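Please look through the sequence and the 3D structure below before reading on. The report goes from the whole chain to its parts.

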Amino acid sequence: MSVPVLTIDGPSGAGKGTVSRAAAKLLQWHYLDSGSIYRSLAIAVLQAGVALEDLAAITQIAKAMRLEFDCGEVLTVRLNGVDITSQLATETTGNAASIVAAYPEVRAVLLQKQKDFRQLPGLVADGRDMGSVVFPDAQFKVYLTASAEERANRRYKQLIEKGIDANLLQITREIEERDRRDSERATAPLMVPDGAVIIDSSSLSIRQVIDAVISLVR
Ligand SMILES: Nc1ncnc2c1ncn2[C@@H]1O[C@H](COP(=O)(O)OP(=O)(O)OP(=O)(O)O)[C@@H](O)[C@H]1O
Ligand SMILES: Nc1ccn([C@@H]2O[C@H](COP(=O)(O)O)[C@@H](O)[C@H]2O)c(=O)n1
């Protein structure tokens, strides 16, 4: 029997990470934060001073980069041996990640790295194409969404709590731009995967969403 997978896809700020981490903990399954792979690549590209249009150099960096994940209470990521956790959550990183993630060549290089997370006793995988491309045979699929306004408010609060300077209007614009780029790209666009249960969390608490997701699996 194949290793069970619960995929949680959706737009930025819908609550995928929060809900996926909680679900993985409750189920005692592994956790894949696929966005952090694209974010790590974006950091590597920015650190190397490579332009976000330079596909050949970006693909090379994607092939060569060495990532280590520590999925404790807080996800820790090391890029080529250096802890980059504090840079992962910034909007600069997220926006650059969404640009490099649009290249099919880059996605092809990173596909196997994501599939390798499928280990017993099971996996909760969070991203944009988990249920459609990376784990199309997943036993449980969720598409988690919320209104752009609610997602921008959540992101704003999250950044302020982390002590990161933020502007609500700018975040709203960036979320809408990221939604557009992620949904309109030709390869692995953000979409509701076949067989996914859609949860709109705009007026649900985090607890209510976690309960709904867990009840699908149990
Ligand atoms: N149902 C909810 N109600 C209120 N706040 C929520 C809810 N779900 C998540 N949040 C909050 O919204 C913020 C964004 O959540 P999270 O980082 O999990 O989203 P995400 O979908 O993983 O975003 P991204 O794809 O950009 O990483 C967090 O501060 C989280 O606590
Ligand atoms: N499966 C995925 C996951 C992420 N991306 C791209 O990375 C950006 C950052 O992702 P976060 O979930 O950490 O916000 C996101 O905007 C996507 O462009 C992806 O393409 N596929």
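## About the model

This is a predicted model, in which local features need pLDDT of at least 70 and side-chain atom pairs count only at pLDDT 80 or more, while totals for chains, interfaces and linings use all residues. Residues are numbered from 1 along each chain as its sequence is written, and chains are lettered from A and ligands numbered from 1 in the order in which they are written.

## The chain as a whole

The protein chain holds 10 helices and 8 strands; these are DSSP runs, numbered from the N terminus, with helices (H or I) of at least four residues and strands (E) of at least two. Its C-alpha atoms fill a box of roughly 45 × 45 × 35 Å, taken along the principal axes.

Of the 218 residues, 38% are buried, a term for residues with 20 or more other C-beta atoms within 10 Å of their own, the C-beta atoms being placed from the backbone. Two residues are in contact if their C-beta atoms, placed in that way, lie within 7 Å, and among contacts with a separation of 6 or more, 76% join residues 24 or more positions apart.

## The parallel sheet

An open sheet of 5 strands has the order β2-β6-β1-β7-β8, with parallel pairing; two strands pair if DSSP finds at least two bridges between them. Because β2 (30-33) and β8 (197-200) stand at the edges with a single partner strand each, one side of each has no neighbour in the sheet.

Strand β2 runs parallel to β6 (residues 123-127), joined by 4 bridges, and D33 has D126 in β6 as its bridge partner. Helix α1 (residues 16-27) packs on this sheet, touching β1 (5-9), β2, β6 and β7 (140-145), and its direction makes about 175° with that of β6; axes are lines fitted to C-alpha atoms, for helices over the stretch in contact, and angles run from 0 to 180 degrees between N-to-C directions.

## The antiparallel sheet

Another open sheet is formed by 3 strands in the order β3-β4-β5, and here the pairing is antiparallel. Its edges are β3 (67-71) and β5 (82-83), each with a single partner strand, so one side of each is without a neighbour in the sheet. Strand β4 (residues 75-79) pairs with β5 over 2 bridges, and R78 stands opposite D83 in β5. Helix α2 (residues 34-47) packs on this sheet, where it touches β3 and β4, and its direction makes about 40° with that of β4.

Definitions and conventions:
Buried ≥ 20, exposed ≤ 12 C-beta atoms within 10 Å, placed from the backbone.
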